[in-house]
Amino acid sequence: MTAGWTEGPTEKCGVVGVSLADRDAARPLYYALYALQHRGQESAGIVTHDGFQQYDHVGMGLVGDAFAEADLDGLRGRVGIGHVRYPTAGSVDSSCAQPFSVSFKSGSLGLSHNGNLVNAEEVRDDLEGLGHAFTSDGDTEVIAHDLARNLLDGDLIRAVRRTMDRVHGSYALTIMHDDTVVGLRDPEGNRPLCLGRLDDGYVLASESAAIDVLDGELIRDVRPGELVVLEPDGSGYETYRLVERERTAHCFFEHVYFARPDSVIDGELVYEVRRELGRLLWEESGIETDVVMPVPDSGRAFASGYAEAASEARGDADDADGDGADIEFAEGLMKNRYVGRTFIMPTQDARERAVKLKLNPIRSTVEGRTVTLVDDSIVRGTTSDQLVELLYEAGAEEVHMRIGAPPIVAPCYMGINMATREELIASERTVEEIRERIDADSLAYLSIDAVAEALSRSRADLCLGCVTGEYPYDIDGEATDRDVNRPVVGDEAAGADD
Ligand code: AMP
């Protein structure tokens, strides 16, 4: 895949891997994928190994639709990996569904990838020159072929190390080589990956919610540049810090929007981070209104932190005695749970209709009142524009929008499907121009510094590409925010040895 996400399907996904002592891996993987469903709804797949051969099943749609009982029964073995794939605007194509699996001279390989390489084309060209034939245009296959080639003359750890020297970009991977499952996080730790302990084995997953669902215990995040190798008999794991960089590039948007609020990522409970972002939003740009309400579900934790800070600021945090002094925190929009994410609607008209299908105002909460509406982010502006209008139609006197992230001004090349620069409402507009467009009484976003504060990290250790337009990777035509060494692909001398 190329750097630009508009040019083809991209991988924005959930990954998992397990190694168990004495039961089949298929069902635990299936449950874990359910827990990661929010990270991808286009396809789901599992690959297992029973010590002799690899078994796989990949299906389109939600996890519940992709697998029948018989499919799970056919997935033999105590080790395996799984994947849910995020929807993309255009193509819905089963050739890109994962895990990607392949058999080659020195064994079988399965790969589940979350993230996006920005030099996949170079590596692909190089491999094609060496005789490799590709079946998809995805970057995961590029990693698979590179690894397969390196495995011909090295062990798994050495092979992974060599592949890491050639690929550039974001990758959180679970890989199965024969019956060994490993987890690998790119040197910047852009996408999340964590390690957990089960009663009878170990698990690697994009988010800790997948460990919870298996009654497991979160051990820790896989470190940036670290390879974690699970013992095939579920008895333990070994770790290798293959690449260590001074700075990380954790994606802040995982905390803002993408991850589940009940997951712990890089040591922080996502729900608490979102509440803190909401509190800081009040501190930076709070406005007193009769009611504070979230855009469900994405704005909930932000709005609760915001409303709490607003009440504290008025000194009436404990004032629930009905004297009218409380700032009311209420649900003013009801969500229809059966409508999918509006984001993947192919046309603007369909997206606008979908917002109405998805959210309906509760008239009694808004009628004749001033309202603060809190959401996590504005991307194209469709949701905010529609919601402001809906709230006025329902009788709101004023509508003030507060957003728990900075304006998104540039695309994500690292695996989150956002939009092209042209589609992003903030790419060429000031906040005041956006306010006019969505027709709100006021609009305020959170600052980048507040994001860093809520995540307890320095700005330098975050990937802020979509809000600064400067990236932690060397992407064609884009600026970088640090010294980046893009690998010279084809130069075998460069970094080939441990
Ligand atoms: P928009 O209507 O284009 O401005 O999108 C903003 C809404 O989409 C917000 O309610 C966000 O919670 C949600 N959102 C933000 N980023 C994404 C994404 N990458 N995929 C799907 N939805 C998103």
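Predicted model: local features only at pLDDT ≥ 70, side-chain atom pairs only at ≥ 80, totals over all residues.
Two residues are taken to be in contact here if their C-beta atoms, placed from the backbone, lie within 7 Å. UniProt, in an unreviewed entry, puts the feature "active site" at C13. This cysteine sits in strand 1, which covers residues 13-20. Is C13 buried or exposed? The cut-off for buried is 20 or more other C-beta atoms within 10 Å, and C13 has 25 such neighbours, so C13 counts as buried. Once neighbours within four places in sequence are set aside, the contacts of C13 are R39, G40, H83, V84, R85, Y86, H113 and N114.

Burial also shows up in the helices. Helix 1 (residues 26-35) is largely enclosed by the rest of the structure, because seven of its 10 residues are buried. Those seven are A26, P28, L29, Y30, A32, L33 and A35. Helix 6 (residues 156-166) is mostly covered too, with nine of its 11 residues buried. On the buried list for helix 6 are L156, A159 and V160, then the run R161, R162, T163, M164, D165 and R166. What do these buried residues pack against? Their partners are helix 4 and helix 5, along with strand 7 (169-177), strand 8 (180-185) and strand 12 (226-230).

Helix 4 and helix 5 also pack against each other. In general, a packed pair of helices is described by the angle between the axes and the distance between them. For helix 4 (residues 120-129) and helix 5 (residues 139-151), the angle is about 45 degrees and the axes are 10 Å apart. That angle is why helix 4 counts as oblique to helix 5. The crossing of the two is left-handed. On the helix 4 side, A120, V123, R124 and L127 take part, and they meet D139, V142, H145 and D146 of helix 5. By class, this contact has four nonpolar residues, one polar and three charged.

A second packed pair is found further along the chain. Helix 9 (residues 270-285) and helix 10 (residues 300-313) have axes that come within 7 Å and cross at roughly 45 degrees, which means that helix 9 is oblique to helix 10. The crossing of helix 9 and helix 10 is right-handed. Helix 9 brings Y271, R274, R275, E276, L277, G278, R279, L281, W282 and E283 to the contact, while helix 10 supplies A301, F302, A303, S304, G305, Y306, E308, A309, A310 and A313. The contact of helix 9 with helix 10 sorts into 11 nonpolar, three polar and six charged residues.

Key
Residues numbered from 1 in each chain as written. Axes fitted to C-alpha atoms, helices over the stretch in contact; angles between N-to-C directions. Helix = DSSP H or I, 4+ residues; strand = E, 2+ residues; numbered from the N terminus. Parallel < 35°, antiparallel > 145°, perpendicular 65-115°, else oblique. Left-handed = near helix turned anticlockwise from the far one by under 90°. Nonpolar A, V, L, I, M, F, W, Y, C, P; charged D, E, K, R; others polar. Buried ≥ 20, exposed ≤ 12 C-beta atoms within 10 Å, placed from the backbone. UniProt positions renumbered as here; feature names shortened; annotations may be inferred.
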